[in-house]
Amino acid sequence: MAASDDRLLVSTEWLAEHLDAPDVRVLDASWWLPAAGRDAKAEYAQAHIPGAQFFDIDEISDTRSELPHMAPPQEKFVSRVRAMGIGDAHRVVVYDAAGLFSAARVWWLFRLYGHHDVAVLDGGLPRWVAEGRPTEDMAPLPRDRHFVARRNAMLVKDVTQVAAALKLGREQIVDARSAPRFAGEQPEPRPGLRAGHIPGARNVPYDTLLNADGTMKEPEALRAVFEAAGVDLSRPVISSCGSGVTACVLDLALERIGHRQHAVYDGSWAEWGAYPDLAIETGPAR
């Protein structure tokens with residue numbers, strides 16, 4: 001098991017000790033690809049960590065966009081967070097039902113809107129349950145809190161910025177999808193998308209950053225995974241994936257190893273793969 005870094009990752013032991021602390025707020029950020037046939041909100045209603053609230057990644061998004069779960073407008077994020085009883089002084093802990101998958105997306109959203117006192121539960125709900133820790137089926141009844149957002153535009157990139165990065169060569173694109181999807185050997189789970197990857201991108205499947213129990217690897221091992229994939233850790237990174245969810249696992253790992261110049265391509269392959277005028281490559285990273 002990887003040692004936890006309480007700034008970014010907290011252990012199940014830490015959360016159990018602090019679960020009733022007045023300044024701690026817990027969020028269930030479970031989300032599944034449509035093909036999984038699972039309902040994250042229904043699963044939350046059946047069993048969640050005591051006191052946790054459900055963060056709906058699809059609803060707390062820019063629903064005006066045709067792309068899936070794009071970052072929400074600032075005012076919408078603030079409204080939803082306040083209604084969940086989260087204020088400026090609260091320590092937010094995010095988990096998901098897969099171990100470490102979609103929780104990183106909500107970690108990134110809080111940082112995007114200026115709230116840095118946020119961490120991911122290492123190993124998530126599966127580890128919590130495996131250790132025999134309690135769950136409940138009752139949703140909390142929070143009181144509105146004061147929450148101020150300060151959007152950090154450096155943490156997100158749009159398609160124009162990614163295209164410019166390809167031309168200028170300053171930033172590296174690192175794709176968190178599986179190797180077969182990256183190479184274009186496996187169809188995309190969303191219809192209408194081409195198969196392949198952004199030209200020049202490197203491939204670091206998000207699960208290669210995790211241990212078998214769903215916890216994140218040690219910093220030295222994380223660094224080795226990135227370097228083995230040909231990522232130059234002295235240069236800025238733009239993380240991408242299928243729809244901007246697992247790209248955030250890459251950003252969490254980069255932050256953990258002290259790499260500070262990273263951002264998420266929010267549209268990711270759901271956007272790039274949909275437009276025939278944007279160049280793609282197939283096969284392994286070159």
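Biologist: What is the strand order of the open sheet of five strands, and how are the strands paired?

Modeller: Strands of a sheet pair through backbone hydrogen bonds, in either a parallel or an antiparallel arrangement. In this predicted model, the open five-stranded sheet has the order 6-10-9-7-8 with parallel pairing, where strands (E, at least two residues) and helices (H or I, at least four) are DSSP runs numbered from the N terminus, and two strands pair if DSSP finds at least two bridges between them. The edge strands are strand 6 (156-157) and strand 8, each of which pairs on one side only. Residues are numbered from 1 along each chain as its sequence is written, and side-chain values use heavy atoms, with hydrogens and water left out. Local features need pLDDT of at least 70 and side-chain atom pairs count only at pLDDT 80 or more, whereas totals for chains, interfaces and linings use all residues.

Biologist: Which residues of strand 9 are buried on its two faces?

Modeller: Buried means under 20% relative accessible area, exposed means over 50%, and partly exposed lies in between (1.4 Å probe, protein chains only). In strand 9 (residues 237-240), Val237 and Ser239 are buried on one side, and Ile238 and Ser240 are buried on the other.

Biologist: How many bridges join strand 9 to strand 7, and how many to strand 10?

Modeller: Strand 7 (residues 172-175) is joined to strand 9 by four bridges, in parallel, and isoleucine 173 stands opposite isoleucine 238. Strand 9 also pairs with strand 10 (residues 262-265) in the parallel sense, over three bridges, with serine 239 having valine 264 as its bridge partner. From strand 9 the chain passes through helix 9 (residues 247-256) to strand 10, in a right-handed β-α-β crossover; right-handed means that, with the strands pointing away from the viewer, the path from the first strand over the helix to the second runs clockwise.

Biologist: Where does lysine 217 lie?

Modeller: Lysine 217 is in the loop between strand 8 (202-203) and helix 8 (219-228), and is partly exposed, with a relative accessible area of 21%.
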